[in-house]
Protein chains: 2
Amino acid sequence: MADHLDFVLDQWARERPDLDVSAMGVIGRLSRLSRLVGTELEKAFSAHGLDRGAFDMLATLRRSGPPFALTPAGLMRASMVTSGAITQRLDRLEARGWVTRTPSDSDGRGVVVALTDEGLALINAALPDHVANEERILASLSTEQRAQLAETLRQLLVALGDSPA
Amino acid sequence: MADHLDFVLDQWARERPDLDVSAMGVIGRLSRLSRLVGTELEKAFSAHGLDRGAFDMLATLRRSGPPFALTPAGLMRASMVTSGAITQRLDRLEARGWVTRTPSDSDGRGVVVALTDEGLALINAALPDHVANEERILASLSTEQRAQLAETLRQLLVALGDSPA
DNA sequence: TATTGTTATACTCTATAACTATA
DNA sequence: TATAGTTATAGAGTATAACAATA
């Protein structure tokens, strides 16, 4: 079965046969898939009253382990969004009672963002649904394909400068 | 070499050993990579005074072949953005003199968007740089890995409802 | 001087809906 | 009634820069 990029590559082959546009077959699909997957992920989030940004913040705090606390700078590095977006996300999460902001002990400039009991309960409840949703999204791939895909994506990420922490 | 998702999966293994979060290894990497690749693509666009949305419109018109004309609805389907975004993109492209909007002959409600000579020259010039940039982004993969990646992504896209045209 | 977090600006996009002109 | 395109609203993100407090 053909996808949209099959159509696009066909058009380019006809219009610009001088150009090798095969890279588009990878990058174009990457872009479209990321969009479609994003839409699918929202379904599980909204079932818990969350959106992507909120889930991202709560999950990052959750997986950091007890006491479920990080600085805004740490959340920024993990989420790949700008500092302004982090401030706004935290404003909303704080208003909902899911996180607290307290001055850092060790750094007078710093702030520590921590999950409240309500925030912890929420992310603990949303997490299994999110993981099940991701499994559903990947259901068309074999175990081997999934492993191979993860490894190829990692190779690309490392080459583009992605790093742990 | 480790990437960010190696770190994330490690944290989840420690915090929620009851959950199989391996799907995150695929979907998380997909999301981060799409973001990083997007940033890299902008470099080639901005060298020609374009942004992602503008390049997207011009390239879609270009590959449709002579007379390089499509309806806003056609551009919307190809680009996966909302109708409001299309209207705004076309407003900007029209103001720059790169596309024209003329009433459709066959449908009184319709509009035909067409590349101007300037728009055609611009996209023809930008295209080889864009393709070279995509090749650079994928340089860390072998030919076989690229082909396999494209095929796996296509499989996922088709399963999620992506289709030609 | 540099860093932390917040605030501000202008812009692009989202989702949703209303609106017109036409089919 | 439905469709094509535009317009409008509120909200979340971008990039960039400025800012106060602290290191």
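In this predicted model, the lining of the second largest cavity comprises, by class, four nonpolar, three polar and one charged residues. Here Ala, Val, Leu, Ile, Met, Phe, Trp, Tyr, Cys and Pro count as nonpolar, Asp, Glu, Lys and Arg as charged, and the others, Gly among them, as polar. A cavity is a set of points, on a 1 Å grid over the protein atoms alone, where a 1.4 Å probe fits but cannot get out, and its lining residues have an atom within 4 Å of a point.

The model is predicted, and totals for linings use all residues. Residues are numbered from 1 along each chain as its sequence is written, and chains are lettered from A in the order in which they are written.

The second largest cavity has a volume of about 30 Å³, a volume being the space filled by probe spheres set on the points, which are joined across faces, edges and corners. Its lining is formed by A:Ser34, A:Val37, A:Gly38, A:Leu41, A:Arg52, B:Ile27, B:Leu30 and B:Ser31. The largest share of this lining, four residues, comes from H2(A); a helix is a DSSP run of H or I with at least four residues, numbered from the N terminus. Helix H2 (22–46) of chain A and helix H2 (22–46) of chain B each supply at least two lining residues.

The largest cavity holds about 40 Å³ of space. Around it lie A:Gln148, A:Leu149, A:Thr152, B:Gln148, B:Leu149 and B:Thr152. By class, two of the lining residues are nonpolar, four are polar and none is charged.

Conventions: Predicted model: local features only at pLDDT ≥ 70, side-chain atom pairs only at ≥ 80, totals over all residues. Heavy atoms only, no water. 1 Å grid on protein atoms, 1.4 Å probe; cavity = no way out; pocket = protein on both sides within 12 Å on 5 of 7 lines; lining within 4 Å.
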